[in-house]
Protein chains: 2
Amino acid sequence: MKSEHVNEITLGPQQEKSKRARNAIIDATIDSLVEVGYAETSLVRVAKAAGFSKGAIQHHFPSKEDLIAQTVDKLISRTISPPPASRRARTVEEALLRAWKTFVDTPAYRALLEILNAARTDKKLKKRIGKDLIAWRDRMDLQSLENYEAVSGDDEDVVMLLNMNRSFMRGLLMQEQYGFSEETATRYLRKWVEMISPLLRLKEK
Amino acid sequence: MKSEHVNEITLGPQQEKSKRARNAIIDATIDSLVEVGYAETSLVRVAKAAGFSKGAIQHHFPSKEDLIAQTVDKLISRTISPPPASRRARTVEEALLRAWKTFVDTPAYRALLEILNAARTDKKLKKRIGKDLIAWRDRMDLQSLENYEAVSGDDEDVVMLLNMNRSFMRGLLMQEQYGFSEETATRYLRKWVEMISPLLRLKEK
DNA sequence: CATAAAAAAGTCCATCCGTAAGGTTTTTTT
DNA sequence: AAAAAAACCTTACGGATGGACTTTTTTATG
């Protein structure tokens with residue numbers, strides 16, 4: 001029976017401050033996730049990075065799980081939000097390469113991967129963020145259908161191809177972290193895009 | 001000045017015992033990595049699983065880093081060792097699908113991924129196992145060249161395609177852990193193999 | 001100035017890795 | 001064959017850190 005948001009219309013100045021603090025803390029969490037990974041992302045570290053005390057963090061986020069869950073929210077919304085409203089891509093190649101640069105090869109995505117990996121074995125966390133992840137995936141599939149169509153095949157193929165694309169990019173990102181250089185990764189990415197783009201078409205809007 | 005005993009042929013009963021113990025500990029480590037991930041893989045947990053006390057582990061492995069490093073050794077050698085000497089694959093499709101089942105979609109590979117991901121942010125560990133990983137990659141590339149040739153293109157293309165294959169499979173494995181079902185993963189895998197196999201040819205031996 | 005939220009400071013308990021001190025069994029030495 | 005050394009393993013403890021929780025101080029607001 002949580003009636004959390006009562007005053008959504010007028011945020012008192014104090015709530016404003018609180019909101020800013022929470023944002024700062026979440027941002028510091030994201031940074032920490034990218035820098036030192038999930039395991040090392042402790043409350044004290046986040047606190048120091050955000051310029052607060054540990055107590056302040058536990059004031060805003062009752063448990064670490066809460067902090068992570070809200071961080072996931074922010075990360076997901078960031079990954080979903082439409083591209084920087086720049087001009088639309090003209091070709092499938094361009095769209096996919098841009099997706100790599102804009103969404104995948106970013107701190108936000110790396111942070112999200114950190115959490116996802118941690119959630120694999122942390123059942124409580126997994127249960128907590130599970131719904132969001134499913135919603136995220138559904139949203140992604142929907143976006144796929146909005147933007148692409150299959151040259152030969154149905155909607156299911158579109159979803160499949162775009163999911164394959166995400167798998168590939170994810171694997172590439174991981175491999176890039178240890179092993180080969182960024183140029184090599186780019187080469188592989190181009191080859192992949194070259195292979196898959198003939199199967200897709202951009203939908204006119 | 002090293003006057004090492006050339007008594008490697010006959011292992012004393014104590015060395016035998018020691019060897020068995022070390023193997024059991026490493027195996028328990030691998031199991032733990034798969035079950036609960038790197039962060040939760042503590043020495044006590046490994047000890048209990050292996051049926052020893054924590055002290056025993058630290059007797060055989062001076063530090064946790066040592067334990068992990070030796071585990072990596074074992075995992076890598078397992079990932080490299082030739083397929084179960086069964087009949088050779090007849091087609092590229094078959095070879096790639098078999099590689100998935102034999103090498104990638106296995107506990108060993110998952111355990112290795114767990115360590116790799118942890119090493120990303122653990123500099124000491126990264127430094128420790130870095131060489132092995134590079135050697136591993138080189139070995140993989142070599143194996144690629146031994147088994148495949150490009151339908152059109154040179155050796156570099158072979159290495160690229162097989163590395164792309166590994167990226168894809170890695171990404172698929174990760175995504176399989178949260179998100180979609182195994183059947184879906186299999187469908188994606190088949191599609192991928194279907195896309196890439198026309199570019200490769202099996203080398204006759 | 002009074003009150004409530006925000007933030008800090010400090011306590012508590014669990015767990016982690018590592019080390020040290022024994023005890024027992026095997027191996028080596030004398 | 002006895003003594004010494006080494007290897008194996010257990011139990012116990014230390015220092016450090018993590019997260020949850022509690023209490024105190026500060027700050028903002030009406």
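Packing here is contact, with heavy atoms within 4.5 Å. Helices (H or I, at least four residues) and strands (E, at least two) are DSSP runs, numbered from the N terminus.

Which residues of H5 (residues 92–104) of chain B are buried? They are Val92(B), Ala95(B), Leu96(B), Trp100(B) and Val104(B). They lie on the same side of H5(B) because they cover an arc of only 140 degrees around the axis. That arc is taken from the directions from the helix axis to the C-beta atoms.

## About the model

This is a predicted model, where local features need pLDDT of at least 70, side-chain atom pairs count only at pLDDT 80 or more, and totals for chains, interfaces and linings use all residues. Residues are numbered from 1 along each chain, chains are lettered from A, and side-chain values use heavy atoms, without hydrogens and water.

## Where the chains meet

Chain B gives 39 residues to the contact, and chain A gives 38 residues. Together they bury about 3,700 Å², 60% of it on carbon and sulfur atoms. Buried area is the accessible area (1.4 Å probe) that two parts lose on being put together, summed over both.

The interface of chain B and chain A has four salt bridges. Each needs a side-chain nitrogen of Lys or Arg within 4 Å of a carboxyl oxygen of Asp or Glu. Glu156(A) forms a salt bridge with Arg187(B); their closest N and O atoms are 3.7 Å apart. On the side of chain B that touches chain A, H8(B) supplies the largest share, 15 residues.

Definitions and conventions. Buried means under 20% relative accessible area, exposed over 50%, partly exposed in between (1.4 Å probe, protein chains only).
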